[in-house]
Amino acid sequence: MATAPLTGRMRRITLGCDALQGTTVRPAQDVELLLRSDTGRRVKRRYTIRQLRAESGQIDLDVLLHGSGPGSAWAAAAVPGDEVEFQGPRGKLQLVPADWHLLVGDESALPAVAAICEALPGGEPAVAILEVDEPADELPIAAETHWVHRASRPAGGADMLTEALDGFSLPAGAGHAYLMGETRAMVVLRALLEARGMAHGSIFVKGYWNLGRPDRIAGRSPASP
């Protein structure tokens, strides 16, 4: 295991496993870690694979430090030499050919958004609209990126991303959207895009966390972020 800070709230944790040598992963797939809560109870948390190096069997997990649950506690305390059990890779997201791609989410989705944008064909432009707390939380994204800063406002609402989407003109042609972040907020954004003419089947939605349960990230459990 190796660790490195990416921002004040995002930490890269590199895991190595011989079973991953020679494997392949799709963008935004994750692994499910088997952790312990502070009471000793066995818990599962899912984290997006930011990058796989198949020749060495290493994966990078960019983990958002938030809340006080077992996922954040593990990520904050992890040091080289630690061992952790995990299962995967897993995940249903498939890249769909399109004239353009729109990626919208909060900081919990940054690893997935970055991986998706890097995997898109060169002739299919991408636009990302991403909400983070402050400029220091921004990370490089291989897309035309529009950052929305919450400042002192609470995370998890749909209002700021709704406003950003209202000011965004959908490009011509057939697009595909990926909405990833707080579960209920992403559902609101899907309805907004459908009202603007996007087909339901052209919008992928992934709930990475639920408001009120900030350590439950990545679908039903945290993923990175």
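Author: Helix H2 (residues 110-119) lies across strand S2 (10-16), S4 and strand S5 (58-64), running at about 30 degrees to S4. Helices (H or I, at least four residues) and strands (E, at least two) are DSSP runs numbered from the N terminus, contact means heavy atoms within 4.5 Å, and axes are lines fitted to C-alpha atoms, for helices over the stretch in contact, with angles from 0 to 180 degrees between N-to-C directions. This is a predicted model, in which local features need pLDDT of at least 70, side-chain atom pairs count only at pLDDT 80 or more, and totals for chains, interfaces and linings use all residues. Residues are numbered from 1 along each chain as its sequence is written, and side-chain values use heavy atoms, with hydrogens and water left out.

Reader: Which strands stand at the edges of the open sheet of six strands?

Author: The order of this sheet is S1-S2-S5-S4-S3-S6, with antiparallel pairing, where two strands pair if DSSP finds at least two bridges between them. One side of each edge strand is left without a neighbour in the sheet because each has a single partner strand, and these edge strands are S1 (2-5) and S6 (85-90).

Reader: Which residue in S4 stands opposite Arg36?

Author: Strand S3 (residues 30-36) pairs with strand S4 (residues 42-53) in the antiparallel sense, over seven bridges. Opposite Arg36 stands Arg42.

Reader: At about what angle to S10 does helix H4 run?

Author: The open sheet of five strands, with parallel pairing, has the order S9-S8-S7-S10-S11. Helix H4 (residues 183-195) lies across S7, strand S10 (175-182) and S11, and its angle to S10 is about 155 degrees.
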